[in-house]
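Subject: Structure handover

Hello,

Here is the structure I said I would pass on. My notes on it follow below.

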Amino acid sequence: MRRSLPIAVVVGMGMTSACTTTPDGSSSTESSTTPSTDDSATGADTQADTDLPTADGTGSDFPPPVLDDCIDDGSAGMHVYTCEGFDYDVTIPEACLQTACGVIVDVHGLSMSAQMQEANTSIAAQGSARGYIVVQPNANPDPPVASWNPPGDDALVVDFMLRVADAFHADPDRLHFTGFSQGGFMSWRVLCEYADLLASVAPAAACGDGSSIVDCNFEGDAQPDVPVDVLYLHGTTDVLVPHACAPVRQAAVVAAYDLGPEQVVTQGDGYTWVRHQGDDGTVLEVITHEYNADNVAVLGGHCYPGSDDPGDAPGQLFSFACVEPTDLHWGQAVLDFFDAHPRG
């Protein structure tokens with residue numbers, strides 16, 4: 001169920017209180033690793049920053065950023081904003097000062113930082129050409145003991161997402177949320193609490209496993225008020241979040257959303273990508289992989305496919321990259337999914 005947010009922030013965006021997702025669920029795969037459910041979602045290969053459509057066709061009347069106590073610099077580039085005790089790495093493409101862009105929140109896991117998250121997903125680097133402002137929050141304290149604390153941290157991160165959307169006049173139908181491990185758990189919880197704000201979500205390496213971690217298990221009241229499209233990644237050899245909870249979560253989402261049977265989208269060396277789709281177009285897509293991190297004993301398959309994370313950021317304990325060669329890249333898959341699944 002949705003937790004309340006600052007009225008001024010929501011009203012400032014001109015958002016309604018609820019909107020049912022009705023994406024185009026047709027299958028279209030450009031390559032074996034980046035399936036898309038919408039042929040129009042061509043991404044960085046065909047759309048540069050300067051080609052993005054503007055509010056009036058020219059960009060001349062697009063309003064300037066509206067700054068506040070947290071967002072004190074409205075220029076393009078990468079900024080570190082401090083808000084309510086958290087630092088946020090925010091990447092603002094030049095084109096997003098001329099047109100209504102989407103916003104992606106990309107949340108790291110336990111012991112990590114926004115810098116480490118970007119090293120694994122490359123979402124900030126790749127998102128600019130696709131018309132996204134990318135928000136990568138940093139948990140407290142600094143790595144290697146950085147940790148997210150629900151539910152309070154969730155609300156603050158969502159509030160900052162709305163601040164960014166308000167400040168840069170973002171497209172309210174293109175607000176997306178993704179995260180890995182602890183960030184994946186936050187993605188599930190935010191889906192449960194703020195579904196009416198979101199276009200689509202992409203949790204990774206996270207699902208209820210009988211531990212004390214607060215989650216969104218899609219049972220009883222612990223499910224979204226409105227359906228939101230989901231892309232979910234989990235490794236079969238994950239040590240920290242064992243894979244046994246993944247099929248349980250998959251089945252729970254299918255039941256809650258009244259989705260159809262599993263259909264294979266694509267298969268590659270070491271991974272399978274499947275889709276469930278409902279009559280209303282809502283989808284759950286699940287990527288299951290067999291890769292491992294270099295530190296097999298501690299992480300096993302708790303890793304990012306396609307990552308080349310060097311593992312040398314301040315406070316970093318080890319690389320979270322999957323070491324097996326793979327043509328699947330998690331960050332690329334997330335961007336393709338978000339491109340194909342705006343709200344409405």
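A helix axis here is a line fitted to C-alpha atoms over the stretch in contact, and angles between axes run from 0 to 180 degrees between N-to-C directions. On that basis, helix 4 (residues 152–167) packs against helix 5 (residues 182–193) at an angle of about 75 degrees, and the two axes are 10 Å apart. Angles of 65 to 115 degrees count as roughly perpendicular, so helix 4 is roughly perpendicular to helix 5. Helix 4 contributes Asp154, Val157 and Val158 to the contact, and helix 5 contributes Met186, Arg189 and Val190. By type, four of the residues in this contact are nonpolar, two are charged and none is polar. Please keep in mind throughout that this is a predicted model.

Overall content

The protein has seven helices and 12 strands. Of its 344 residues, 57% are buried. Taking contacts between residues at least 6 apart in sequence, 71% of them join residues at least 24 apart.

An open sheet is formed by 10 strands in the order 3-4-6-5-7-8-9-12-11-10, with mixed pairing. Strand 3 (77–83) and strand 10 (263–268) are at the edges; each has a single partner strand, so one side of each has no neighbour in the sheet. From one strand to the next, the twist averages 15 degrees.

Gly77 has Ile92 in strand 4 as its bridge partner. The loop between strand 2 (35–36) and strand 3 holds Asp72. Asp72 has 56% relative accessibility and therefore counts as exposed. Leaving aside residues up to four places away in sequence, Asp72 touches Leu67 and Tyr81. Asp72 and Thr82 are 10 residues apart along the chain, and their C-alpha atoms are separated by 9.4 Å.

Strand 7

Strand 7 (residues 175–180) has six of its six residues buried, so the rest of the structure largely encloses it. Leu175, Phe177 and Gly179 point one way from the strand, while His176, Thr178 and Phe180 point the other way; all are buried.

Which strands pair with strand 7? One is strand 5 (residues 102–107), paired with strand 7 in the parallel sense over five bridges. In that pairing, Val105 stands opposite Phe177. Another is strand 8 (residues 200–204), which runs parallel to strand 7 and is joined to it by five bridges. There, Gly179 has Pro203 of strand 8 as its bridge partner. Together with helix 5, strands 7 and 8 make a right-handed β-α-β unit. Helix 5 is also the helix that packs with helix 4.

His176 is a residue of strand 7. Is His176 buried or exposed? It is buried, with a relative accessible area of 0%; the cut-off for buried is under 20%. Residues up to four places away in sequence aside, His176 touches Val103, Ile104, Val105, Tyr132, Ala199, Ser200, Phe338, His341 and Pro342.

Helix 2 and what covers it

Helix 2 (residues 114–121) is mostly covered, with six of its eight residues buried. The buried ones are Ala114, Met116, Gln117, Glu118, Asn120 and Thr121. What covers the buried residues of helix 2? The cover includes strand 4 (86–92), strand 5, helix 3 (123–127), strand 6 (132–138), strand 7 and helix 7 (330–340). After helix 2 comes Ser122, which has a positive phi, near 55 degrees.

Arg130

Arg130 sits in the loop between helix 3 and strand 6. Arg130 has a relative accessible area of 4% and is therefore buried.

Regards

Notes: Residues numbered from 1 in each chain as written. Predicted model: local features only at pLDDT ≥ 70, side-chain atom pairs only at ≥ 80, totals over all residues. Heavy atoms only, no water. Helix = DSSP H or I, 4+ residues; strand = E, 2+ residues; numbered from the N terminus. Parallel < 35°, antiparallel > 145°, perpendicular 65-115°, else oblique. Contact = heavy atoms within 4.5 Å. Nonpolar A, V, L, I, M, F, W, Y, C, P; charged D, E, K, R; others polar. Buried < 20%, exposed > 50% of the residue type's maximum accessible area, 1.4 Å probe, protein only. Pairing = 2+ DSSP bridges. Right-handed = clockwise from strand over helix to strand, strands pointing away.
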